[in-house]
Amino acid sequence: MSAPLSLTIFWVWAVFLVHSVSQQDVPGRKFEYKFSFKGPYLSQKDGSVPFWQYSGNAIASDESVRITPSLRSQKGQIWSKQKTDFEWWEVELVFRVSGRGRVGADGLGFWFTEARGREGPVFGSSDAWKGLGIFFDSFDNDNKHNNPYVMAVLNDGTMRFDHQNDGVTQQLAGCLRDYRNKPFPVRAKIEYLRNVLTVQIHNGITNNPNDYEMCFRAENVHLPPSGYFGVSAATGGLADDHDVLKFLTHSLHPGISSNLPHGQLSEAEKHKLEQEYENFQQKLDSERKAYHEKHPEAKKDEGHDYEWFEEEQTRELRQIFQGQGNMMQALQDLHRKGGMVPPPAVGTNVMQRHEVEQLLGATRELLQLGRDIKAYTVEIHQKSSELINNQARQPVGQGSVQPIGYDVHAVMNELKESVHSLKRDLGKGSVAPCDVSQIKCLSVSFFLMLLVIQTCALAGLYVWKSSRENNLKKFY
Ligand SMILES: [Ca+2]
Ligand SMILES: [Ca+2]
């Protein structure tokens, strides 16, 4: 093993160790880094994936393993190098199936089998497997409009997968789920615990990793006690990209260390991890020494792999800070919006400031108008009293009609003259032309009202005096 390769493996192991502790594994649940892969730095410089082997059209990159590209008739697969040494397990498979067509093909297979599969007809892997296959079948071969479909198929090594009928009679259980072309990666959580197989699917609509929905739960399932994990995929006449971003395996140990506080490892587990860490470190030191003796010019690159590890931590810290920053921003936005909310209004008509001012102005004008009317009424009253007094002083007789008529005519003439003088004033522009939107119009209307009041008062007075005169005539 060359020094750079072992360095990389060491840091992958270290990162997974950090992952297993930072994820605060529940008691009885242990992260299995030798049966897992995830980005970043998923593949090494030579393209290999630590603890995994891949073949066919599969390509590994820093962030994912592309099991097949979206080209016709492609097949690819990736398998763990080691066989499991734990009975119960849980795998979280994070993947994307994406293609430009409304319909894609063929699909993706998750495997837990006694032997590693070879390239074959069942979603890229060999038929007649011994163990479990969970298939994400994109293409509707039997034309029952029930694909994409997720199903589990158990095989004892004798059965051939019935592609023509989409394995409908062979499946242990399944569920209809559209996992193609989702905004976020789709997740499948496959748990095998105490002979119960549970599959939950995260449909990739949200970015919340906990949005799982139950696909199925099957009891009395007997899988090989030890096996290989694998993922395969195939395309046909239609094609999708089949990308696996994460394959995270935990071994489940029910009843063991279940009395430990949440997130703590048992003493035995701690000791085992520490021993493993020391062994790796010793091996790494000796290999690094040997490498630098052989390649003294590469010494300046020594810190490179440390940067990887640092970058992983820094990235997580940055994400935490980003998350906090987003929360702070959201709170500030809420606060700002709270300040902008107007006070609750009764009804829907809320008066603006300028409208209130207009109303006050109009009220003042009306008050002034009222005062003017009062003044003119007093004046009319005075004039009426004078007329009555004059009448009273006149001698009663035939000639008394003339003075009354004279007085009335004099008042009428006075009024006419007032009207004419107002008309002249209007003509000269001393009074502003009428603008219906302005309060000034009230002066003209006021004048007309005054005119009407005066005319009515005089008419009333004239009628009263006429009737009085008639009554007096009756005495002669
Ligand atoms: Ca199919
Ligand atoms: Ca079908």
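Leaving aside neighbours within four places in sequence, Leu93 is in contact with Phe110, Arg187, Ala188, Ile190, Val244 and Phe247, where contact means that the C-beta atoms of two residues, placed from the backbone, lie within 7 Å. This is a predicted model, in which local features need pLDDT of at least 70 and side-chain atom pairs count only at pLDDT 80 or more, while totals for chains, interfaces and linings use all residues. Residues are numbered from 1 along each chain as its sequence is written, and chains are lettered from A and ligands numbered from 1 in the order in which they are written.

Leu93 is also one of the residues that touch the most other members of the largest nonpolar core, which has 52 residues; the others are Val65, Ile67, Ile78, Leu108 and Val199. Such a core is a set of buried Ala, Val, Leu, Ile, Met, Phe, Trp, Tyr and Cys residues joined through C-beta atoms within 7 Å, and a residue is buried if 20 or more other C-beta atoms lie within 10 Å of its own, exposed if 12 or fewer, and partly exposed in between, with C-beta atoms placed from the backbone. Strand β7 (residues 88–98) gives the largest share of this core, six residues; strands (E, at least two residues) are DSSP runs, numbered from the N terminus.

Strand β11 (residues 149–156) pairs with two strands as tabulated, pairing requiring at least two DSSP bridges.

| Partner of β11 | Sense | Bridges | A bridged pair |
|---|---|---|---|
| β12 (residues 173–176) | antiparallel | four bridges | Tyr149 and Leu176 |

Asp156, in β11, is exposed because 11 other C-beta atoms lie within 10 Å. Asp156 and Lys130 are 26 residues apart in sequence, yet their C-alpha atoms are 4.7 Å apart in space.
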